[in-house]
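Student: I have a protein model open on my screen. Could you help me learn how to read it?

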Amino acid sequence: MNDLHKLMLSVLIAASTAFALPNSAFAFIDDFEDGNTNGWLETTIAGGVGACGVESHNGSQMAFCNQLGSGQHALSMDFNYSPAEILSFDMQALAAIGCHLQACAHARSGVAVSFLTQFNIPLGTAGLYRVTDLSWLPANSNAIDDVQHNYHATMASFAELAGLDPANSAIAKLSISFQSTASTFLNAPSSASVWFDNVSVPEPGTSALALAGLAMFAVGGRLRRSES
């Protein structure tokens with residue numbers, strides 16, 4: 001290999017390293033150590049008493065939403081849909097019934113992952129919820145326990161849970177919404193709380209760029225071995 005080819009290969013390897021491998025560090029992540037929920041949309045269904053914010057929980061700064069009595073508090077954010085990319089977050093969800101005589105008010109807390117067109121038309125939603133009664137579990141949702149876990153899956157896996165074809169070209173966006181929903185029956189309010197942390201969503205294409213960078217290293221290694 002002549003000096004010009006060696007120089008071109010070195011430049012390509014350096015460029016692929018600079019723009020591919022470190023690029024994964026620019027994936028969205030929010031660990032809430034700054035103490036706020038900037039960038040998250042807070043929504044409510046009026047009624048009862050509730051709030052969202054950031055607090056110390058299980059040894060870390062975590063975002064939270066809670067609700068006592070009829071209503072809902074939620075924090076949500078939208079992302080571009082890319083089937084192979086990983087959606088990851090830590091979450092703990094609690095729900096408690098409120099009973100008066102023999103009648104009880106029910107509650108749920110957890111996360112809803114919705115899929116939208118480019119015009120924000122909903123296509124389907126998957127959920128992971130702690131519920132006080134299985135009748136409070138929405139369609140395409142799974143019941144979870146009340147222990148903090150890391151939830152980690154491709155966007156395609158969540159789309160399948162929502163009953164969608166992950167390759168559906170109409171899916172343009174993914175909306176993740178952490179929710180606490182409660183009710184009241186005969187003045188007996190139920191309660192719900194959700195805490196979440198380390199929400200991580202790689203930007204589309206970062207995985208492919210990283211693979212391209214690794215491929216350049218592999219090519220460079222083979223060329224160097226062929227010269228020796």
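Tutor: Let's take confidence, then the sheet, then the core.

Student: What average pLDDT does the protein chain have?

Tutor: This is a predicted model, and its protein chain averages a pLDDT of 84, with 77% of the residues scoring at least 70.

Student: Which residues should I be careful with, where pLDDT stays under 50?

Tutor: Where pLDDT is low, predicted coordinates should not be read in detail. Here, pLDDT stays under 50 over residues 4–26, a stretch with 28 contacts in the model beyond four places in sequence. Residues 207–228 also have a pLDDT below 50, and the model gives them 23 contacts beyond near neighbours in sequence.

Student: Now the sheet. What is the order of its strands?

Tutor: The sheet is open, has six strands and mixed pairing, and runs β2-β5-β13-β9-β10-β11. Because β2 (41–45) and β11 (141–143) each have a single partner strand, they stand at the edges, with one side of each lacking a neighbour in the sheet. From one strand to the next, the twist averages 20°.

Student: In which sense do β2 and β5 pair?

Tutor: Antiparallel: β2 and β5 (residues 71–80) are paired over five bridges. For example, Ile-45 has Gln-72 in β5 as its bridge partner.

Student: And how many residues are in the largest nonpolar core?

Tutor: In soluble globular proteins, nonpolar side chains tend to be buried together. The largest nonpolar core here has 36 residues, and Trp-40, Phe-89, Met-91, Phe-115, Ile-176 and Phe-178 have the most contacts inside it. Beyond its neighbours within four places in sequence, Trp-40 is in contact with residues including Phe-28, Leu-75, Met-77, Ile-176 and Phe-178.

Note on methods: Residues are numbered from 1 along each chain as its sequence is written. This is a predicted model: local features need pLDDT of at least 70, side-chain atom pairs count only at pLDDT 80 or more; totals for chains, interfaces and linings use all residues. Side-chain values use heavy atoms; hydrogens and water are left out. Two strands pair if DSSP finds at least two bridges between them. Helices (H or I, at least four residues) and strands (E, at least two) are DSSP runs, numbered from the N terminus. Axes are lines fitted to C-alpha atoms, for helices over the stretch in contact, and angles run from 0 to 180 degrees between N-to-C directions. pLDDT is the predictor's confidence in each residue, from 0 to 100. Contact means heavy atoms within 4.5 Å. A nonpolar core is a set of buried Ala, Val, Leu, Ile, Met, Phe, Trp, Tyr and Cys residues joined through side-chain atoms within 4.5 Å. Buried means under 20% relative accessible area, exposed over 50%, partly exposed in between (1.4 Å probe, protein chains only).
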